[in-house]
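Here is a friendly walk through one protein chain. Have the viewer open and follow along, section by section.

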Amino acid sequence: MREFSARGIVLESRLAREADLMVSIFTKDYGKVVARAASGKKIVSKLGPHLQPGLEVIARFVDKKEPRLVDALSLGKLSVPSADLHRLDGLLAVEVADPRIYEVLCGDFSWVEILSILGWGPENAKCDHCGYGEQLNFSASRQGYYCFKCAPSVAESSDISLFAY
């Protein structure tokens, strides 16, 4: 049995079983930790209010067969939209630490920086379908880029638009 504490950012919190929560927390030292918070969904839960996406927390985990979140204290809310945190949760591997991602989340959030850190830098990217190089979107499921012209045939709701960046 391993027990550890870490400062992290709640990426996603979803219902598991009747009253438990499965929580994804990105930490600077351990990367993404996916843990079960027993009874986290109950109204009287001490954990529930601290496990909302976008909150920076200090969390304590116990790792037996699967990680369990046993305690959490929220420190404040980040300005990153919940939808972006959900998309990022889908891109990150479990327990792969990268302090640069943590710094971007706590500072000025930018998909261009995040994708560059993860190895999908858009600097020289072109549309995978037609080769066009402007007004690109990133598709996490296809792990590639597509342009606004190709969007009607390939776009998904989980895709990341880089138009604003």
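## A helix to start with

In which helix does Ala 151 lie? Ala 151 belongs to helix 4, which spans residues 151-154; helices here are DSSP runs of H or I with at least four residues, strands are runs of E with at least two, and both are numbered from the N terminus. Ala 151 counts as buried at 17% relative accessibility, where buried means under 20% relative accessible area, exposed over 50% and partly exposed in between, with a 1.4 Å probe and protein chains only. Asn 137 is 14 residues from Ala 151 in sequence, and the two are 8.2 Å apart in space, C-alpha to C-alpha.

A word on the basis: this is a predicted model, in which local features need pLDDT of at least 70 and side-chain atom pairs count only at pLDDT 80 or more, while totals for chains, interfaces and linings use all residues. Residues are numbered from 1 along each chain as its sequence is written, and side-chain values use heavy atoms, with hydrogens and water left out.

## Aromatic rings

Rings of Phe, Tyr and Trp (its six-membered ring) pair if their centres lie within 6.5 Å; planes under 30 degrees apart count as stacked, over 60 as edge-to-face and the rest as tilted. By this rule there are 6 aromatic pairs. Phe 4 and Phe 61 are stacked, because their ring centres are 5.0 Å apart and their planes meet at 25°. Phe 4 is in strand 1 (residues 2-16) and Phe 61 in strand 4 (residues 55-63), so this pair ties together parts 57 residues apart in sequence. Both Phe 4 and Phe 61 are buried.

Trp 120 and Phe 138 make a tilted pair, 5.1 Å centre to centre with 45° between the planes. Trp 120 sits in the loop between helix 3 (111-117) and strand 6 (136-139), and Phe 138 in strand 6, 18 residues apart. Trp 120 and Phe 138 are buried too. As for clusters, Phe 4, Tyr 30 and Phe 61 form one.

## Asp 63 in strand 4

Asp 63 is placed in strand 4 and is buried, with a relative accessible area of 17%. Setting aside neighbours within four places in sequence, Asp 63 is in contact (heavy atoms within 4.5 Å) with Met 1 and Arg 2.

## Leu 75 in strand 5

Leu 75 is found in strand 5 (residues 67-77). With a relative accessible area of 39%, Leu 75 is partly exposed.
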